Amino acid sequence: MELLAPAGNLDKLKTAVHFGADAVYFSGQKYGLRAFAGNFTDKQIFEAMDFLHSHNKKGYITLNVVAKDSDFVGLDDYLNLLVKAKVDGLIVSDVGLIYYIRQNFPALNVHVSTQANVNNSQSAKFFASLGCKRIVLAREMTLQEVEKLHASLGDKIELEAFVHGAMCISYSGRCLLSNYLSGRDSNHGACVQACRWKYYIREENREDSLPIEEDERGTYILNSKDLCLIEHLTELEKAGVTSLKIEGRMKSDYYVASVVNAYRRALDGYKDFDALKNELEKTSHRRYTTGFMFEDKEKEYLQDSMPVQSYVFIAKVVEEAKEGKVKVEMRNRFKKGDTLEILSPTDNFLKTIKVEKIIDSQGQEIDDAKRVQELVTINCPYPLKIGDILRVEKK
């Protein structure tokens, strides 16, 4: 199965490839549903696709807004640019956009976005009849429903399923909370994530209010847990899923590295599976759920809004280690004497380095690295590669 990773900018795209993604999805400056991610300029789209293809990887561009007539103005120029950039697929939700692309740009592969909420074989057959190459399944489907849908289609169309990351509290992301509370249009990429806010409930004739919170009987808030299906990849493959999608174009470099690394190793048969599950605790997340995939096993989807993580991203390797030292870009403060854990796609994964020496960008030895993004050199006994990450357990 294909491992598909998110990229909010070019650095994150390269991180995803370094840690083992087979393909990456990202957005240009318009038409995507993550307007506040870094996203890609026209020039960067070409750079990204050249980089991906040089590494035998694929790149998919999101055009998943709920389109208005005004969105078609200038669309041809953008689609022609994507043809020239040799984009491997477009992720589209709006039926009008899909129809227009298939009629006028048949060389572009269309992947039907999860926001089209395909839940049944008839919808899938409709999109297949338009010449769409892939369907990103609605998160609300059960495994049994996925199996039935695949059986009805055979190999007419590829199936992609989300396996990890944040879930929208609204059906397939069709939410107007952000529009109503902040004026930012969630269906045009500007969602303020109002479902993550804390809420209170007040009876009309009373001045005091009660917090909406979890108790021993359950939880009654808007915020969803994060999806995690790392233990069920074989079942997804048997059900006919061909691409495993990780959510997170707004997430950090460290999130992309850690999650892609875990799923890559799971797909490749990494023996210490407990270590992989623990890996997913080390980056920022909300409590995990299998979502709707196994309804009989887990009914609780909601939680409080605060994410948790057990490790902190300390530094990123910018030059290959040699002669017992490595140059890194500092991201969070660390000191001489700290023990740093390695996140790497190589056998150096989970090895540790005790910091004995730090040389700053001026060539001076220091005891405390506290200037964010400064390039520093530390002792390192392992052959670390550019893009490897160092982290420390959160206290």
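**Close-up views of a predicted model**

The protein chain has ten helices and 22 strands (DSSP runs numbered from the N terminus; helices are H or I with at least four residues, strands are E with at least two). This is a predicted model: local features need pLDDT of at least 70, side-chain atom pairs count only at pLDDT 80 or more, and totals for chains, interfaces and linings use all residues. Residues are numbered from 1 along each chain as its sequence is written, and side-chain values use heavy atoms, with hydrogens and water left out. Of the 395 residues in the protein chain, 51% are buried (under 20% relative accessible area; exposed is over 50%, partly exposed in between; 1.4 Å probe, protein chains only). Among contacts with a separation of 6 or more, 67% join residues 24 or more positions apart (contact: heavy atoms within 4.5 Å).

**View 1. Phe 26 and Phe 40 form a tilted aromatic pair.** The structure holds five aromatic pairs (rings of Phe, Tyr and Trp, the last by its six-membered ring, with centres within 6.5 Å; planes under 30 degrees apart are stacked, over 60 edge-to-face, the rest tilted). In this one the centres are 4.4 Å apart, with 40 degrees between the planes. Phe 26 belongs to strand 2 (residues 23-26), and Phe 40 to the loop between strand 2 and helix 2 (42-54), so the pair ties together parts 14 residues apart in sequence. Both Phe 26 and Phe 40 are buried.

**View 2. Tyr 270 and Phe 349 form an edge-to-face pair.** Their ring centres lie 6.0 Å apart, with the planes at 65 degrees. The pair links distant parts of the chain, 79 residues apart. Tyr 270 sits in the loop between helix 9 (253-267) and helix 10 (273-279); Phe 349 sits in the loop between strand 16 (339-343) and strand 17 (352-354). Tyr 270 is partly exposed, at 28% relative accessible area. Phe 349 is buried, at 6%.

**View 3. Lys 14 lies over the face of Phe 51.** The distance to the ring centre is 5.5 Å (a charge sits over a ring if NZ of Lys or CZ of Arg is within 6 Å of the ring centre and within 35 degrees of the ring normal).

**View 4. Helix 1 packs on helix 9.** The axes of helix 1 (residues 10-18) and helix 9 are 9 Å apart, at an angle of about 15 degrees (axes are lines fitted to C-alpha atoms, for helices over the stretch in contact; angles run from 0 to 180 degrees between N-to-C directions). The two helices are therefore roughly parallel (under 35 degrees; over 145 is roughly antiparallel, 65 to 115 roughly perpendicular, the rest oblique). Their crossing is right-handed (the near helix is turned clockwise from the far one by less than a right angle; anticlockwise is left-handed). Helix 1 contributes Asp 11, Lys 12, Thr 15 and Ala 16 to the contact; helix 9 contributes Asp 253, Val 256, Ala 257 and Val 260.

**View 5. Helix 5 crosses helix 6.** The axes of helix 5 (residues 121-129) and helix 6 (residues 143-153) come within 9 Å and cross at roughly 45 degrees. That makes helix 5 oblique to helix 6. The crossing is right-handed. Ser 121, Ala 124 and Lys 125 of helix 5 meet Leu 149, Ser 152 and Leu 153 of helix 6.

View 6. Lys 394 lies in the segment after strand 22 (389-393). Its relative accessibility is 48%, so Lys 394 counts as partly exposed. Lys 394 and Ser 310 are 84 residues apart in sequence, yet 5.3 Å apart in space, C-alpha to C-alpha.
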